[in-house]
Amino acid sequence: MLPVVVVHGGAGHIPKERSERSTSGVCSAARSAYKVLKGGGSSMDAVVEAVMVLENNPSFNAGCGSVLNVKGEVEMDALVMDGSTLSSGAVSAVRNIANPIHLARLVMEKTSHACLTAEGASRFARSMGVPEVPEESLITEYSRMRWKKNLAPDSNPVECQMGKMGTVGAVAVDINGTVACATSTGGMLNKMEGRVGDTPCIGSGGYADNMSGAVSTTGHGEAIMKVTLARHILFHMEQGQSAEAASDLGLAHMKSRVGGLGGVVTVDPQGNWAARFSSLQMAWAAAQKDSLHYGLYTGEHFTQIIEDAH
């Protein structure tokens, strides 16, 4: 069953003209991460690779392609967690960084802290030699168009949220049975400056523990935070539920308790995995046993052989 990687490109409603790009994007990310695992890389190497591929793809709300805050600026959040030691690293409200997930990993590996924010995170990035990029390079025409549209007094940001390509994330188990998660986002459309959602919060945007499994979440951040969705799902797995059943229980709890919609990718240390969502769509892909699995709508599950797996 090992190794395995599962990737999501965000839960919500994806416009038809963008859905093909989102599906091919998550498939590319899963293939790339699986190659890392097949080459003996760690689950952390794999999830960071998957998320970097998605951050570099302008179709997703992370890195290049991030949505804009109310001032028309990009502020991004990211989180990584290692299931063997429970070490984690996160950044929030960072600007001018092409790959916030890489910076989150540096926070985990090079500092004694779990999360750095805003200007402090930028200073740390500079000290680590992480290049700054012009904000313009992270902003797409699509993001700018949607930002303008949502400045209208009668717009509903939560509803409009659902038209965006969402937060991205990945979970993996390597050949040693170590799990890891990574999640990255541009946040919520037309959010207040300085708003931080679930993504960089341990237990909400993601969680990884070799004793139970790993989860990466996507959806309405405020709702996810209220129920600490990632940790909630792993609690069910600790009680003996499968990755799929636990994911469904967590999402159902979030919907009934706080009216929140979202999606998750989940994996246990044995390599059993799930990609589940309560929203209309979630682009997802998984790679295991030299096969690629993927889908976009509920109940959709396509499979193909990964040709270059060896």
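Predicted model: local features only at pLDDT ≥ 70, side-chain atom pairs only at ≥ 80, totals over all residues.
Q: Which residue pairs with K71?
A: K71 forms a salt bridge with E193, at 3.4 Å from N to O.

Q: How exposed are K71 and E193?
A: K71 is partly exposed at 49% relative accessibility, and E193 is partly exposed at 42%. Buried means under 20% relative accessible area, exposed over 50%, and partly exposed in between (1.4 Å probe, protein chains only).

Q: Which residues are linked in a network with them?
A: K71, E73, E75, R95 and E193 are linked in a network of salt bridges.

Q: What other salt bridges can I look at?
A: E132 and R126 meet in one at 2.6 Å, N to O, and R144 forms one with E136, with the closest N and O atoms 3.5 Å apart. R144 is partly exposed, with a relative accessible area of 24%.

Q: Changing topic: which residue does UniProt list for "active site"?
A: The UniProt record, an unreviewed entry, lists T167. UniProt positions are given in the numbering used here, feature names are shortened, and annotations may be inferred rather than shown by experiment.

Q: Where is T167, and is T167 buried or exposed?
A: T167 lies in the loop between α6 (157-161) and β5 (168-173). T167 is buried, with a relative accessible area of 6%.

Q: What is T167 in contact with?
A: Leaving aside neighbours within four places in sequence, T167 is in contact with H8, G9, G10, N61, T183, S184, T185, T199, T217 and T218. Contact means heavy atoms within 4.5 Å.

Q: Which residues have the feature "binding site"?
A: The unreviewed UniProt entry places that feature at R195, V196, G197, D198, T218, G219, H220 and G221. Of these, G221 is in helix α7 and is buried at 3% relative accessible area. Apart from neighbours within four places in sequence, G221 is in contact with R195 and D198.

Q: How do α1 and α2 pack?
A: Helix α1 (residues 16-38) and α2 pack at an angle of about 155 degrees, with their axes 8 Å apart. Axes are lines fitted to C-alpha atoms, for helices over the stretch in contact, and angles run from 0 to 180 degrees between N-to-C directions. The two helices are therefore roughly antiparallel, the term for angles over 145 degrees.

Q: What about α2 and α3?
A: α2 and helix α3 (residues 100-110) pack at an angle of about 150 degrees, with their axes 8 Å apart. M44, D45, V48, V51, M52 and E55 in α2 meet P100, I101, H102, R105 and M108 in α3.

Q: How many residues of α3 are buried?
A: In α3, 8 of its 11 residues are buried. The buried residues pack against α2, β2, β3 (88-94), β4 (115-117), α4 (118-127) and β6.

Q: Which peptide bond is cis?
A: The bond from L2 to P3 is cis, with omega near -5 degrees. P3 is in the segment before β1 (4-12).

Q: What is phi of A93?
A: Phi of A93 is near 50 degrees, a positive value in a residue other than glycine. Most residues other than glycine have a negative phi. A93 is in strand β3 and is buried at 8% relative accessibility.

Notes
Residues numbered from 1 in each chain as written. Heavy atoms only, no water. Salt bridge = Lys/Arg side-chain N within 4 Å of Asp/Glu carboxyl O. Helix = DSSP H or I, 4+ residues; strand = E, 2+ residues; numbered from the N terminus. Parallel < 35°, antiparallel > 145°, perpendicular 65-115°, else oblique.
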